Amino acid sequence: MKQSFTGPLERIDATRWRIPKSYKPGMRVDGIIYADDALIAAIRQDKSPEQVANVATLPGIVKYSLAMPDIHWGYGFCIGGVCATDPAQGGVISPGGVGYDINCGVRLINTNISINDAQPRMEKLVEQLFRTVPCGVGRGGMIKFSTKELRQLMTEGSRYVVNQGYGWDSDIEVTEANGCIADARPDYVSTTALQRGMKQCGTLGSGNHFMEVQYVERIDDPKAASAMGLVEGNVTVMIHSGSRGLGYQVCDDHLKELRDVPRKYGIDLPDKQLVCAPIESPEGSKYLGAMGAAANYAWCNRQIMTYLARQVFSEIFEQPAERLGMHLIYDVAHNIAKMEKYDVDGKMKPLCVHRKGATRAFPPNHPELPDRYKFIGQPVLVPGDMGRASYVLVGQPGSMEHTFGSSCHGAGRRMSRGAAIRASKGRSIRQELLDCGVIARARGRTGLEEEQPDAYKDVMQVVDVLHKAAISRKVAKLKPVGVIKG
Amino acid sequence: MIGELVACGDATSSEICFQGDDPAILLRDYLQELLVLFDRDARMVTSLEVQCFDDSQLKVVIQTNAVDMNRSIFHHEVKAVTYHELDIKPIDDGWEATIILDI
């Protein structure tokens with residue numbers, strides 16, 4: 001299955017490679033992959049560039065089919081894939097360009113606790129987080145929502161759970177889209193999806209989802225770090241999770257509904273998993289509405305876990321979370337499709353931007369940014385692996401010009417789960433992490449093995465490419481010290 | 001769910017039926033239904049009888065039990081049964097299916 005890509009990759013400059021639209025019949029635009037020389041060699045080892053070329057065939061696609069440096073093979077779209085389609089030109093919306101885990105995303109919470117002060121309590125802290133934050137298979141959340149409450153939560157987004165007492169008002173404006181897609185349509189979410197979602201809001205999930213305790217190891221941009229409240233040596237908490245079973249079901253329901261739709265609209269697809277519909281068709285609108293509802297659920301999910309993290313810190317450090325400075329720095333989605341305006345041939349046009357394993361990265365002065373970030377740009381949160389580092393970046397003007405306001409989302413896998421498990425035979429990944437100063441707890445049998453540091457690319461390589469390309473700028477490096485996984 | 005699941009409680013029987021024109025998709029839909037049974041209801045299939053599986057229909061009578069969440073060992077949570085490289089083909093002594101699960 002994972003054959004290498006043998007098609008053309010033409011160097012544009014030090015950080016970009018082109019797949020010309022002449023490569024494959026049906027390509028309407030070029031493909032562009034952000035990568036340096038070292039990364040491109042690895043990228044050629046799977047078929048993800050082929051997926052970039054396939055996306056370039058979608059009706060209404062504007063300018064190019066993009067991939068970020070953490071590109072790897074996915075379903076339909078590659079992970080790290082970005083494309084924008086124009087509704088006025090018959091542009092389509094494709095669930096494969098969002099992913100099964102709608103609004104999988106990351107949030108970063110600050111503290112004013114120095115790592116030196118935290119270290120003596122770190123083991124107790126991680127254990128208590130592991131006990132308190134539901135993670136792993138079959139672990140239900142502390143709240144069971146009724147159907148009516150779920151519909152409300154999917155309409156209002158994270159504001160709904162903040163109003164229930166699971167957050168601070170200040171959390172809302174530092175959540176992408178203020179934690180709510182306004183055109184969400186919970187009525188397009190199936191009963192099965194609702195049933196799956198009832199007990200799962202406020203749960204971490206499993207796989208590569210995590211809650212991580214970190215500290216700020218290095219600051220690269222003091223002005224931007226100061227705006228975010230980041231202080232070198234202080235502890236932070238990062239949460240990576242999405243829309244859980246509700247989102248997966250919404251995606252599956254709509255993949256099923258859209259099965260025969262491309263044929264109805266005369267759309268020829270090189271890959272069944274690119275199934276799509278014109279954005280302005282009844283089918284396209286239905287998926288967009290349901291996707292928005294699932295996205296709002298995901299923001300509520302991460303908000304409730306923020307509340308739980310604050311509770312645990314408060315218990316362990318014996319002070320209210322407010323006194324510990326546990327403000328939300330930002331929350332970003334990295335699996336989503338949104339209507340955003342971009343300059344196309346001198347005109348500002350509303351486009352449907354698909355980000356699948358890619359993060360929004362708006363530059364300074366963008367109207368959607370909260371006041372505190374208007375002069376620095378939008379925080380971009382890029383988790384690495386649990387042994388090395390994660391990064392905080394800010395969006396740059398280059399993102400609006402070249403990548404539809406997008407940046408990378410993570411390190412990108414370089415080893416399959418199976419290969420990672422085989423590579424861990426005879427080793428204790430938990431002990432190896434401890435030797436690196438990371439206390440790790442995981443529920444699943446192979447959670448740590450699958451997610452070991454070696455299974456991922458070095459996130460520094462990934463962020464360096466986009467820093468060099470002036471898409472997003474490095475602000476701070478975060479070092480992990482504790483992690484819980486499902 | 002991929003793992004070593006332990007059943008408990010009383011078994012219940014039900015018939016599930018899918019119709020279409022592609023046996024590979026019928027199989028995918030069936031597996032997705034089992035995924036939902038686990039994730040939504042914490043139930044597992046303990047026995048099954050395929051009553052019909054052809055180009056247009058898949059009908060299965062399944063017996064399910066609750067999953068003993070304390071005694072079961074979970075390896076991988078399955079997010080979805082995907083359509084990627086979905087295929088069923090006849091081989092010498094039966095059929096071979098290719099189905100990719102998102103975990």
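Contact means that heavy atoms lie within 4.5 Å. Helices (H or I, at least four residues) and strands (E, at least two) are DSSP runs, numbered from the N terminus. The model is predicted: local features need pLDDT of at least 70, side-chain atom pairs count only at pLDDT 80 or more, and totals for chains, interfaces and linings use all residues. Residues are numbered from 1 along each chain as its sequence is written, chains are lettered from A and ligands numbered from 1 in the order in which they are written, and side-chain values use heavy atoms, with hydrogens and water left out.

Helix H2 (residues 48-55) of chain A is largely enclosed by the rest of the structure, because eight of its eight residues are buried. Buried here means under 20% relative accessible area (1.4 Å probe, protein chains only). The buried residues of H2(A) include A:Pro49, A:Val52, A:Ala53 and A:Val55. A:Glu50 is also among them. Their cover includes helix H1 (37-43) and strands E2 (16-19), E3 (30-34), E4 (64-72) and E5 (79-85) of chain A.

Two other helices of chain A cross. The axes of H4 (residues 122-132) and H12 (residues 282-317) of chain A come within 10 Å, at an angle of roughly 140 degrees. Axes are lines fitted to C-alpha atoms, for helices over the stretch in contact, and angles run from 0 to 180 degrees between N-to-C directions. On the H4(A) side, the contact is made by A:Lys124, A:Leu125, A:Gln128, A:Leu129 and A:Thr132. H12(A) contributes residues including A:Leu308, A:Val312, A:Phe313 and A:Phe317. By class, this contact has eight nonpolar, two polar and two charged residues. Ala, Val, Leu, Ile, Met, Phe, Trp, Tyr, Cys and Pro count as nonpolar, Asp, Glu, Lys and Arg as charged, and the others, Gly among them, as polar.

On a 1 Å grid over the protein atoms alone, a cavity is a set of points where a 1.4 Å probe fits but cannot get out, while a pocket is an open set with protein on both sides within 12 Å along at least five of seven lines; lining residues have an atom within 4 Å of a point. Grid points are joined across faces, edges and corners, and a volume is the space filled by probe spheres set on the points. One cavity of 30 Å³ or more was counted. The largest cavity has a volume of about 60 Å³. Its lining comprises A:Arg196, B:Met1, B:Leu35, B:Phe38, B:Asp39, B:Glu77 and B:Val78. The second largest pocket holds about 510 Å³.

How values were computed. Buried means under 20% relative accessible area, exposed over 50%, partly exposed in between (1.4 Å probe, protein chains only).
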